[in-house]
Amino acid sequence: MKYISKDNMDLIKSLAQKSYDKKILRCVEKRLNHISKLLKDYKEGDIENIYLNECVSRQNLVTPVELTYEQLVQSWLSMPYEGKEFTSECPVILTNNGMRVRSKSEKIMADYFDSLGIKYKYECPLKLNSNRIVYPDFTFISPYTRKEIYWEHEGMLDNPEYAKCAVKKLDSYAVNHIFPGENLILTFESSDTVINMNVIKEMTKKYLQS
C-alpha cells in the first residue's frame with residue numbers, strides 16, 4: 001500500500017473531496033428516485049375528485065374534508081363587503097352585468113372576466129398591517145393557491161399625482177408580503193399606451209385559469 005505524503009496536502013484534499021462528492025451524489029440520486037416515484041403517483045385534486053365523482057344525492061349526504069374550488073369561491077363571494085364610494089365627479093360606467101366601475105378599461109376587464117365565468121370582487125377593501133385600507137381593482141381566489149390574489153390596473157401613469165399614489169400603494173403591498181407575480185397582478189396604461197387585451201388574456205391564463 002502506497003501512502004501519500006502529508007506534504008502533498010492538495011492531493012489529499014482533492015481525494016477526500018472526491019470521496020465526499022460521490023457519497024453526496026449517491027444520496028441525491030436516491031432522493032430524486034423517491035421524489036420521482038412520489039410525483040408519478042401524485043395527482044393534483046385527488047381529494048377533491050373523490051367528492052366530485054360521487055353522485056349529487058350522495059354529495060348531499062357527506063361533508064367533504066375540503067371544499068371544492070367552486071364551493072370555496074361561492075363561500076367567499078357570499079361574504080358581503082362595502083366597496084369604495086363613487087364621487088359625483090365619477091362618470092357612470094356600467095359593465096354588461098350592470099356593475100358600476102370607474103373606467104372604460106375596468107369595464108373591458110370585468111366584462112372579459114365575466115365572459116370566462118371567473119368570479120371576482122370589485123374594489124373589495126383590504127386591510128394592511130399598517131391599518132391602511134386599500135381597494136384593489138379586482139380580487140380573486142387563485143385556483144392554484146386557493147388564497148386571494150389581487151389585480152391592480154394602473155391606468156393613468158402619465159398623471160404625476162396618480163403615479164405617486166400608485167407607487168405608494170405598491171410599496172404598501174410589498175411591505176405586507178403582497179408581491180407582483182405571486183399574489184398581485186399588475187397591468188398598466190397611459191394616454192399614449194392603452195389597455196392591451198393580449199396582456200390581459202395572458203395574465204388571466206397564467207394566474208386565474210387552472
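Reader: By class, how many nonpolar, polar and charged residues does the lining of the largest pocket have?

Author: The lining has 9 nonpolar, 4 polar and 13 charged residues. Asp, Glu, Lys and Arg count as charged, Ala, Val, Leu, Ile, Met, Phe, Trp, Tyr, Cys and Pro as nonpolar, and the others, Gly among them, as polar. This is a predicted model, in which local features need pLDDT of at least 70 and side-chain atom pairs count only at pLDDT 80 or more, while totals for chains, interfaces and linings use all residues. Residues are numbered from 1 along each chain as its sequence is written, and side-chain values use heavy atoms, with hydrogens and water left out.

Reader: Which residues lie nearest the centre of the largest pocket?

Author: Lys84, Arg102, Glu106, Asp137 and Tyr162 lie nearest the centre, out of 26 lining residues. The space in this pocket is about 640 Å³. A pocket here is an open set of points on a 1 Å grid over the protein atoms alone, where a 1.4 Å probe fits, with protein on both sides within 12 Å along at least five of seven lines; lining residues have an atom within 4 Å of a point. Points are joined across faces, edges and corners, and the volume is the space filled by probe spheres set on them.

Reader: Which element gives the largest share of that lining?

Author: Helix α6 does, with 5 residues. At least two residues each come from α5 (104-116), β5 (133-134), β7 and α6. Helices (H or I, at least four residues) and strands (E, at least two) are DSSP runs, numbered from the N terminus.

Reader: How do β7 and β8 pair?

Author: β7 (residues 148-154) pairs with β8 in the parallel sense, over 5 bridges; pairing takes at least two DSSP bridges. Between the two strands the chain passes through α6 (residues 160-175), and this β-α-β crossover is right-handed, that is, clockwise from the first strand over the helix to the second with the strands pointing away from the viewer. Across the pair, Leu184 in β8 stands opposite Tyr150. In β8 (residues 184-188), 4 of the 5 residues are buried, buried being under 20% relative accessible area, exposed over 50% and partly exposed in between (1.4 Å probe, protein chains only).

Reader: How many disulfides does the structure hold?

Author: 0, taking a disulfide as a pair of cysteine sulfur atoms within 2.5 Å. For Cys124, the nearest cysteine sulfur is that of Cys90, 19 Å away. Cys124 is buried, with a relative accessible area of 11%. Cys165 is in no disulfide either, and its nearest cysteine sulfur, again that of Cys90, is 14 Å away.
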